[in-house]
Each structure stands twice: as C-alpha cells, then as structure tokens.
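Here's a quick briefing to read with the model open beside you.

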Amino acid sequence: MIKKYESKIVKYEHMNNSVIKITLMLEEDLNFKAGQYITIVFTNPDGERISRMYSIASSTKDKRSLDLCIKLIENGSASNIIKNLKLGNDIFFVGPAGKFVLTEESKEKDIFFISSGTGITPFISMFHELIDTGYKNTLTFINGFRDENDILFTKEISSLRKNDINLKLLNILSRPLNQNIIYKGHVQDFLSTIILKRQLQNSHFYICGLKDMIDSVSLKLKELGVKDEQIFLEEYD
Ligand SMILES: Cc1cc2nc3c(=O)[nH]c(=O)nc-3n(C[C@H](O)[C@H](O)[C@H](O)COP(=O)(O)OP(=O)(O)OC[C@H]3O[C@@H](n4cnc5c(N)ncnc54)[C@H](O)[C@@H]3O)c2cc1C
C-alpha cells in the first residue's frame with residue numbers, strides 16, 4: 001500500500017565520484033517487494049517541492065532501514081539537494097510503488113539482470129529475495145559502467161553469493177582505463193556471446209536504466225529470438 005513515511009539519514013557514503021549510497025531509518029515498518037521504488041519529496045532552497053523516484057537496494061526483510069543508490073546528475077534539481085544532505089537530515093517519501101518485481105515464474109528459470117549505472121540498484125534487492133527463497137538456477141548480472149572506478153555493488157554481490165545459485169557477474173566498461181579488458185563496450189554488444197543458445201527461449205530478462213540502453217538491449221534480445229513476455233523493464237528517464 002502506498003503511504004507517506006518520515007525517515008532520517010543514518011548513513012551517507014560515496015560509492016564512486018558521482019554515486020552515493022544513503023541509508024534511511026524509518027520509525028514504522030515499510031513492507032515492499034524487491035524491485036520497487038519510493039518517491040522522495042524534496043524542498044529546494046526556493047521552497048518549491050520536487051519529487052523523484054529511487055529504487056530500493058536493500059532486502060525486503062529490513063523493514064525499518066532502506067538503502068538507496070543515487071547518481072548525482074550535474075545540475076540535476078534533486079541531485080543539487082541530495083549532494084548537500086547530511087547525517088540526521090529528515091527525508092519524506094511516499095511508497096512503495098512499482099511493478100518491476102520478480103514473478104514466481106522467473107524463479108523457476110535462468111534470470112538475467114541487465115543494467116547500466118545505478119540501474120543495478122533494484123537487482124540488489126531482488127538478489128536478496130532470490131537467495132532467501134532458495135533460487136537454484138543460473139543468475140547472470142550484466143552491468144554497464146563507464147570505467148573501473150564507476151563499478152557498483154561488486155563486493156556486495158560477491159559477499160551475498162550462496163553456493164546454490166550459479167552466479168555470473170559481468171561488468172562491461174564503455175571507457176575502461178585498462179584497454180586490454182575483454183568486456184569493452186556497451187551491454188548490448190555482448191548479449192549474443194554471454195547468453196547461451198538454450199537460455200534464449202527459456203530465461204527471463206530484467207532490464208533497468210536509461211531508456212536508450214533499455215531500447216538497445218530489448219531490440220538485441222528480440223533479434224536473438226527472445227519474446228516480449230520474457231522481458232521486464234524499468235526506465236529511469
Ligand atoms: C522508477 C524509477 C526509479 C529510479 N530509481 C533510481 C535509482 O535507484 N537511482 C538513481 O540514481 N536514479 C533513479 N531514478 C532516476 C531519478 O528518479 C531521477 O530522475 C534522477 O535522480 C535525476 O533527478 P535530478 O532531479 O537530479 O535530475 P533532473 O533535473 O530531473 O535531470 C534529469 C536528467 O537526468 C538524467 N538521469 C535520470 N536518472 C539518471 C541516472 N540514474 N543516471 C544518469 N542520468 C540520469 C535524465 O536522463 C535527465 O537527462 C529512478 C527513476 C524512476 C522513474
């Protein structure tokens with residue numbers, strides 16, 4: 001159910017040059033599904049209210065504490081406020097909302113989580129859910145970042161990894177510092193080599209990030225023979 005919530009920032013850390021992780025502490029439980037987002041209502045210095053949506057990165061088991069992973073956009077209206085937030089600041093939001101959640105059918109299949117930048121965020125919460133519900137198939141993260149310094153959540157994913165899940169984690173860099181890496185380019189460039197032939201008909205593909213990436217990935221998947229009903233999308237812009 002969508003409701004208004006008050007919360008406080010209890011952790012604020014830089015994940016890289018332009019992405020921050022904020023942990024919000026709530027005074028009442030928030031029940032949400034992995035993959036959903038909240039809408040934060042900010043007030044800018046002119047007193048004007050602006051609302052922005054942010055996916056939840058943490059486990060659904062943590063009902064009083066939420067992790068968000070936010071890209072600070074240069075001159076972005078909300079980004080300009082978020083970059084000046086401090087520990088202890090109050091954050092008001094409404095939520096949870098969104099239909100970008102794992103289906104029961106997906107849990108019986110191989111799953112691909114395909115993202116660029118902070119589009120990886122809802123997949124961290126979904127990964128917790130897969131672990132908690134005993135998922136036993138193959139899960140492949142295909143994440144696009146600019147360079148080695150921009151990579152997000154690799155440590156968290158590796159530390160959550162359980163032996164039952166056959167986990168593959170591929171970071172594709174568009175402008176790598178090390179020019180000799182194999183995965184240099186954009187996520188859509190590598191789909192035909194990463195996805196096995198037998199997985200094309202029988203897997204579910206979850207894609208999250210900016211529209212251009214989502215369109216390119218969806219088009220590529222369809223060229224490879226993946227059907228609409230196997231694809232699930234969350235657009236950030
Ligand atoms: C359902 C949903 C969930 C979202 N979850 C997240 C999240 O978990 N983390 C997050 O960082 N953003 C997320 N966003 C985007 C977020 O809501 C804001 O649009 C973003 O933070 C920019 O707001 P702003 O006011 O700073 O910029 P604005 O002044 O509104 O400028 C918008 C510009 O930023 C670009 N932009 C928006 N999001 C991104 C991004 N993530 N990376 C690069 N460019 C971007 C847009 O293309 C546009 O050009 C989500 C959006 C939606 C619709």
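This is a predicted model: local features need pLDDT of at least 70, side-chain atom pairs count only at pLDDT 80 or more; totals for chains, interfaces and linings use all residues.

A polar contact here is a pair of N or O atoms within 3.5 Å. Keep that cut-off in mind for the ligand: one of its oxygen atoms sits 3.3 Å from an N or O atom in the side chain of Tyr-236.

- How many residues are in contact between the two? On the domain 1 side there are 17, and they touch 15 residues of domain 2.
- Interface size is often quoted as the accessible area lost when the parts come together.
- For domain 1 and domain 2, the buried area is about 1,300 Å², with carbon and sulfur atoms giving 58% of that.
- Two salt bridges turn up across this interface.
- Lys-61 and Asp-132 form a salt bridge, with their closest N and O atoms 3.5 Å apart.
- Polar contacts also cross between domain 1 and domain 2, in four residue pairs.
- On the side of domain 1 that touches domain 2, strand 2 (19-26) and strand 5 (65-71) each supply at least two residues.
- Strand 5 gives the largest share of that side, with three residues.
- By residue type, that side of domain 1 divides into nine nonpolar, five polar and three charged.

**Around the ligand**

- There are 20 residues surrounding the ligand.
- Which are the closest? They're Arg-52, Met-53, Lys-71, Ala-78 and Ser-79.
- The backbone gets involved too: an N or O atom of the Ser-55 backbone is 3.1 Å from a ligand oxygen atom.
- Tyr-236, by contrast, uses an N or O atom of its side chain, at 3.3 Å from a ligand oxygen atom.

**Charged pairs**

- Side chains of opposite charge can pair when their charged atoms come close.
- The salt bridge count for this model comes to twelve.
- One of them joins Arg-64 to Asp-29, where the closest N and O atoms are 2.6 Å apart.
- That pair ties together distant parts of the chain, since Arg-64 is in the loop between strand 4 (49-55) and strand 5, while Asp-29 is in the loop between strand 2 and strand 3 (37-43), 35 residues apart.

**Asn-171 and its partners**

- Look for Asn-171 in strand 9 (residues 166-173).
- Its side chain makes a polar contact with the side chain of Asn-143 at 2.9 Å.
- The Asn-171 side chain also makes a polar contact with the side chain of Thr-154, at 3.3 Å.
- What else does Asn-171 contact, if you leave aside neighbours within four places in sequence? Besides Asn-143 and Thr-154, the list has Phe-145, Ile-151 and Tyr-183.

**Backbone details worth a look**

- Gly-95 and Pro-96 are joined by a cis peptide bond, with omega at about -10 degrees.
- Pro-96 belongs to strand 6 (residues 90-97).
- Asn-75 isn't a glycine, yet its phi is positive, at about 60 degrees.
- You'll find Asn-75 in the loop between strand 5 and helix 1 (77-82).

Terms used. Residues are numbered from 1 along each chain as its sequence is written. Side-chain values use heavy atoms; hydrogens and water are left out. Contact means heavy atoms within 4.5 Å. Buried area is the accessible area (1.4 Å probe) that two parts lose on being put together, summed over both. A salt bridge is a side-chain nitrogen of Lys or Arg within 4 Å of a carboxyl oxygen of Asp or Glu. A polar contact is a pair of N or O atoms within 3.5 Å; within protein, one must be able to donate a hydrogen and the other to accept it, and residues adjacent in sequence count only if both atoms are side-chain atoms. Helices (H or I, at least four residues) and strands (E, at least two) are DSSP runs, numbered from the N terminus. Ala, Val, Leu, Ile, Met, Phe, Trp, Tyr, Cys and Pro count as nonpolar, Asp, Glu, Lys and Arg as charged, and the others, Gly among them, as polar. A residue is near a molecule or strand if one of its heavy atoms lies within 4 Å of it.
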